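Reader: Could you walk me through this structure, please? I would like to take it one question at a time.

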Amino acid sequence: MEAIETLAQQEYKEGWVTDIEMETAPPGLNEDIIRFISAKKNEPAFLLEWRLKAYRHWLTMKEPNWQYMAYPPVDYQDIVYYAAPKNTPQYNSLDEVDPELLETYDKLGIPLEEQKVLAGVAVDAVFDSVSVHTTFKDKLAELSIIFCSFSEAAQEHPDLVEKYLGTVVPYRDNFFATLNSAVFSDGSFCYIPPGVRCPMELSTYFRINTAGTGQFERTLIIADEGSYVSYLEGCTAPMRDENQLHAAVVELVALKDAQIKYSTVQNWYPGNEEGKGGVYNFVTKRGACKGENSKISWTQVETGSAITWKYPSVILQGDHSIGEFYSVALTRNKQVADTGTKMIHVGKNSRSTVVSKGISAGNGQNVYRGRIQVLKKADGARNYTQCDSMLIGDRCGAHTFPYIDVGNNSASVEHEASTARISEDQLFYCKTRGISTEDAISMIINGFCKEVFQELPMEFAVEAKKLLGISLEGSVG
Amino acid sequence: MALLEIKDLRGGIKDQDIINGIDLTVDRGEVHAIMGPNGSGKSTLGKILAGHEEYEETGGTVRFQDKDLFELTPEERANEGMFLAFQYPVEIPGVSNAYFLRAAMNERLKYRGEPEISAGAFRRLLNEKMKQVDMDPELARRPVNEDFSGGEKKRNEIFHMAVLEPTLSILDETDSGLDIDAMRIVAHGINQQRTADNAMIVITHYQRLLDYVVPDYVHVMYQGRIVKSGRKELAFELEEKGYEWIREEVEAAG
């Protein structure tokens with residue numbers, strides 16, 4: 001199994017640095033910095049107040065330490081909390097955008113031009129902290145769909161922001177979410193009005209670019225009664241020698257009969273073979289099925305970051321509401337992924353499905369941590385959890401920590417788990433049919449992840465399959 | 001030039017030779033049966049020819065289609081036209097049989113510098129081959145060998161062979177674990193593939209498969225060597241006298 005040894009050695013293809021002048025706040029965190037950020041963004045007063053409340057609360061909190069991983073202490077006073085491309089007017093066309101920035105997107109394989117014409121995908125691209133480009137706005141505007149940067153929403157739709165911000169992830173929620181609430185830079189905002197089915201996949205590409213700039217995106221998606229939206233999030237980051245903290249917050253709100261489908265492909269720099277230089281991805285993602293018959297689906301493919309620490313969750317408040325979590329997490333080199341979900345059943349006959357596929361190679365460690373909670377009044381609640389691990393080589397690990405907490409006798413909760421490895425027999429079988437080791441591995445892995453991939457929008461599924469193939473090149477043999 | 005030419009082949013697993021000098025020539029249009037008691041090295045021969053990593057040749061030469069076989073990787077051997085039907089076919093969860101075969105087919109075409117097969121043409125090919133080997137179309141949609149019965153797995157091997165149209169097929173105990181009806185179906189599928197252009201090496205412990213797949217030549221292996229070769233009548237003789245007879249002959253000659 002020599003090839004297993006070389007599993008994790010693919011060079012990170014998207015590692016480079018773009019040199020664009022930044023207008024940057026001095027490193028460190030205090031109330032003045034927060035006022036500076038808020039002022040830079042011309043934020044309404046309520047938002048500044050909210051940030052300050054969060055900051056004051058954060059000062060009383062301790063960094064959590066229950067996770068299955070160790071990382072060097074983060075010096076929060078050494079982080080730059082605001083950086084923006086120097087000229088930040090809202091552009092009217094691509095011609096006005098810094099060519100170097102466009103080139104960066106090209107390298108990432110997301111040429112805005114092409115996407116505009118071909119894919120029918122509206123792209124809200126976040127480059128560091130400020131949105132520089134938003135497409136398809138007019139088309140969406142016809143349907144009264146709001147899809148813009150968070151900063152823009154704060155100025156133009158302050159009532160919506162004030163009404164929903166922090167209703168799913170309160171500013172007191174956890175250490176990283178609270179920090180985010182105090183200093184969040186930008187992110188996406190989306191509102192789908194009652195009865196509207198968003199006609200295209202909404203997508204956003206995040207990118208970390210400035211050395212030492214913490215990334216604190218804040219995304220808020222609201223699907224009003226009877227509406228539907230599918231949102232795609234995808235990420236890559238340039239190669240860096242110092243670890244970069246990323247602590248985003250995503251809040252989803254689904255009202256009565258509404259559906260939100262949130263898909264992520266995450267491919268941030270995972271660090272080199274020794275784990276040096278990778279991104280720390282500590283994210284709080286949560287959705288609330290507030291209304292009857294509402295539905296929220298999280299689908300994620302995680303292949304990047306040195307450390308991933310996230311649990312996209314659903315609070316099933318509405319009767320007959322549905323929560324879903326489909327996840328593929330791949331770790332290699334010294335990567336650690338501690339991920340999973342929480343499904344909190346509040347409403348009657350609420351249902352949830354959890355399918356988690358962990359793939360570990362090299363020295364990678366994969367943790368599934370999940371909580372299924374059925375509250376007292378959730379009559380007839382049902383959950384099905386399937387948790388499969390695949391190990392490649394003998395230095396990696398898979399760990400499962402399922403928590404089940406049922407407070408209602410009529411509930412039904414199922415948990416299935418399995419662990420497998422790619423066998424020499426499988427590889428030999430493929431070879432006798434003319435299929436090379438690498439193609440065989442990617443075929444076997446894709447087969448293993450099938451139930452998750454089929455939940456992804458088509459073009460994302462193709463991308464995800466490629467990504468796994470590339471990530472595992474040379475890993476078994 | 002023979003399709004396959006084995007000269008004084010030796011080899012086995014981890015420094016231990018199981019094959020101790022085999023000579024065998026197989027021409028196009030021929031079916032060779034290899035029989036022998038358990039542990040005589042029949043399956044090892046198949047694995048060495050197909051290129052299993054854990055098995056190693058330690059001496060002799062093998063030429064396949066006038067190429068040095070040991071210069072080729074297992075997948076190159078396959079794409080050159082060699083096929084191994086497994087005694088214990090392997091499951092590949094989540095990968096449909098049809099998808100798997102199309103990937104294999106395209107590898108083969110790529111190797112030969114030909115364009116990939118279109119989805120429509122491949123679908124037609126699958127349908128034709130399914131009929132040929134009496135295969136339930138449902139099995140083409142299901143993941144490779146997953147939750148297949150023993151008989152279905154063996155039938156699937158013959159289906160793979162039918163789709164990939166190899167020039168040399170090595171069938172490793174394809175009859176083992178089959179009841180008589182299943183064996184008839186499998187044998188029928190094998191016979192459907194016999195042409196003047198291809199050849200087969202049928203490895204089997206029992207003579208009964210050879211009632212249906214009638215070989216041109218029968219070879220008996222014992223202690224890693226071919227100790228007796230003959231025409232199909234040799235198989236009947238073996239069935240009658242048992243392998244003890246061979247053992248006695250070899251030891252008497254010893």
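Reader: Which residues of α9(A) meet α3(A)?
Author: Happy to start there, with contact taken as heavy atoms within 4.5 Å, and with helices as DSSP runs of H or I of at least four residues, strands as E runs of at least two, both numbered from the N terminus. From α3(A) come A:W50, A:R51, A:A54, A:Y55, A:H57 and A:W58. Their partners in α9(A) are A:F175, A:T178, A:L179, A:S181, A:A182 and A:V183.

Reader: Before we go on, what kind of model is this, and how are things numbered?
Author: Residues are numbered from 1 along each chain as its sequence is written, while chains are lettered from A and ligands numbered from 1 in the order written. Side-chain values use heavy atoms, without hydrogens or water, local features need pLDDT of at least 70, side-chain atom pairs need pLDDT 80 or more, and totals for chains, interfaces and linings use all residues, as this is a predicted model.

Reader: At what angle do α3 and α9 of chain A pack?
Author: Axes here are lines fitted to C-alpha atoms over the stretch in contact, and angles run from 0 to 180 degrees between N-to-C directions. Helix α3 covers residues 45–58 and helix α9 residues 175–183, with their axes 7 Å apart. The packing angle is about 145°.

Reader: How much area is buried between chain B and chain A?
Author: Buried area is the accessible area (1.4 Å probe) that two parts lose on being put together, summed over both. In this interface, 31 residues of chain B are in contact with 20 residues of chain A. Carbon and sulfur atoms give 64% of the buried area, which is about 2,100 Å².

Reader: Which residue of chain A meets B:E53 in a salt bridge?
Author: There are two salt bridges between chain B and chain A. In one of them, B:E53 has its partner at 3.5 Å, N to O. That partner is A:K431.

Key
Salt bridge = Lys/Arg side-chain N within 4 Å of Asp/Glu carboxyl O.
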